[in-house]
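Good morning, and thank you for coming.

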Amino acid sequence: MVCASAARCRLAHVKHTGLLAAPPGAGLADISRLVDSYCRTQALLSALELDLFTVLDAGPAAEKEIRSALGLHGRGLRQWLDLLVPLGLLERDGDRYGNSPEAALYLARSGRQYLGDFLLKAMVPSLGNLSTALRTGQAQVPGGGMAAVADDPALLRSSIAAMDMLTGDIVPSLLAAYDDWDDHRTLLDLGGGRGSVAAGLVAARPHLSAVVLDLPPMAPLFEENMAARGAAGAAAFRPGDFFTDPLPRADIVLLGNVLLDWEAEQRRSLVRRAYLSTNPGGALIVYDHRLRGAGPGGQETLTLNLLTLAMCGVSDYTLDELDTDARAAGYDAVEHRSPGSPPRPVVVCRKSARPA
Ligand SMILES: C[S@@+](CC[C@H](N)C(=O)[O-])C[C@H]1O[C@@H](n2cnc3c(N)ncnc32)[C@H](O)[C@@H]1O
């Protein structure tokens, strides 16, 4: 048989011989790696469900002590603990296991960046229903969707820690994507969470005066985060709803990882409201790992798009659509850049100094 491409040839071989009889090629190795990474992920999730990292937060413990503290049978315990060591989540010293520094920060309940509630209450149950999300186009977060997150303080805290993990490297990209930071004085971060991005921008451009607008339950997390970063006073928090409340004006308005959570009509309304808040000569800056160009996007973008479908019931927003929405709102120049490594999509929408 003559095969038009290596992939089709491999498929024909697999069909002809049966998958298991196929020689281990790249395709089989990829499938095997995916199955293996699911098992590793489950080892982490079980550790969160059983609260292993919180127990070890008190100090390293031997297998027997862990068994008794977690109420486990004992079978498989040694293998589970030993797997978590090379995964970087536990450290082993003789017969005692302790948290790695990352596990203490992100996976023990007392850690300031605890991700467990976000993973267990929101991400895992919704992604576990990805098939239903694909069938229905509906969000799969239990108990009222992501809109209900603000009603659960532990989940809100954990979700915003997960957001900070995603945006931890965005500030240098924002600084590189826009040349005129020094010409502006005021910054408004719409849906700016607990203020980490605004604090990073003010640290890099101390002449900026920043306001972070987010839902009222975010206020204590904002104050706590600013104090922990030694940035108290670097930015002010304004509680409000960006769809309905009056928005303060600013030279630079930021919308980061926000637009893709909403339906097309709401996105247009938000871009229009951002325009009305932008001072003449200023700009709206949009960043979002999930924004994509004309092509399908890289694996990270596609994964995040699917996660957004499962969690928010929306999945997509292209740079072309954002360009159209921004121009319709009144911005007269829209530039897309992808600075940084890995490249992060940043869109700068400039408002004329003399808007029509
Ligand atoms: C996905 S997070 C992005 C946070 C931050 N901009 C970042 O990039 O890390 C979306 C943020 O929008 C906020 N938000 C959601 N609905 C809102 C509303 N109606 N008014 C104001 N903020 C809202 C959420 O509380 C959350 O902090």
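This is a predicted model: local features need pLDDT of at least 70, side-chain atom pairs count only at pLDDT 80 or more; totals for chains, interfaces and linings use all residues.

**Serine 173 and its surroundings**

Leaving aside residues up to four places away in sequence, serine 173 touches Pro339, Gly340, Arg344 and Val346, where contact means heavy atoms within 4.5 Å. Residues are numbered from 1 along each chain as its sequence is written, and side-chain values use heavy atoms, with hydrogens and water left out.

Serine 173 is found in helix 10; helices (H or I, at least four residues) and strands (E, at least two) are DSSP runs, numbered from the N terminus. Is serine 173 buried or exposed? With a relative accessible area of 3%, serine 173 is buried. Here buried means under 20% relative accessible area, exposed over 50%, and partly exposed in between, with a 1.4 Å probe and protein chains only. A polar atom of the serine 173 side chain lies 3.5 Å from the backbone oxygen of proline 339.

**Salt bridges**

How many salt bridges does a search of the whole structure find? The search finds 22, a salt bridge being a side-chain nitrogen of Lys or Arg within 4 Å of a carboxyl oxygen of Asp or Glu. I shall discuss some of them.

Arginine 109 and aspartate 51 meet through their side chains in a salt bridge, at 2.8 Å from N to O. Arginine 109 lies in the loop between helix 6 (101-106) and helix 7 (116-128), and aspartate 51 in the loop between helix 2 (26-49) and helix 3 (52-56), so this pair ties together parts that are 58 residues apart in sequence. Arginine 109 counts as partly exposed, at 43% relative accessibility.

Next, aspartate 164 and arginine 194 form a salt bridge with their side chains, at 2.7 Å from N to O. Aspartate 164 belongs to helix 9 (residues 153-167) and arginine 194 to the loop between strand 4 (186-190) and helix 11 (196-204), so the pair ties together parts 30 residues apart in sequence. Both aspartate 164 and arginine 194 are buried.

A further salt bridge joins the side chains of aspartate 180 and arginine 350, at 2.8 Å from N to O. Salt bridges that share partners link Asp179, Asp180, Glu335, Arg337 and Arg350 into one network. Aspartate 180, at 22% relative accessibility, counts as partly exposed.

**Domain 2 and domain 3**

The domain assignment, which is automatic or from a database, gives domain 1 (6-106), domain 2 (116-162) and domain 3 (167-296 + 308-350). Taken over C-alpha atoms, the centres of domain 2 and domain 3 are separated by 23 Å. In contact are 19 residues of domain 2 and 11 residues of domain 3.

Between them, domain 2 and domain 3 bury about 1200 Å², 72% of it on carbon and sulfur atoms; buried area is the accessible area (1.4 Å probe) that two parts lose on being put together, summed over both. In domain 2, Leu156, Arg157 and Ile160 lose the most area to domain 3, together 40% of what that side buries.

The count between these two domains is 1 salt bridge. Arginine 157 forms a salt bridge with glutamate 224, their closest N and O atoms being 2.7 Å apart. Helix 7, helix 8 (130-136) and helix 9 each supply at least two residues of the side of domain 2 that touches domain 3. Helix 7 gives the most to that side, with 5 residues.

How values were computed. A polar contact is a pair of N or O atoms within 3.5 Å; within protein, one must be able to donate a hydrogen and the other to accept it, and residues adjacent in sequence count only if both atoms are side-chain atoms.
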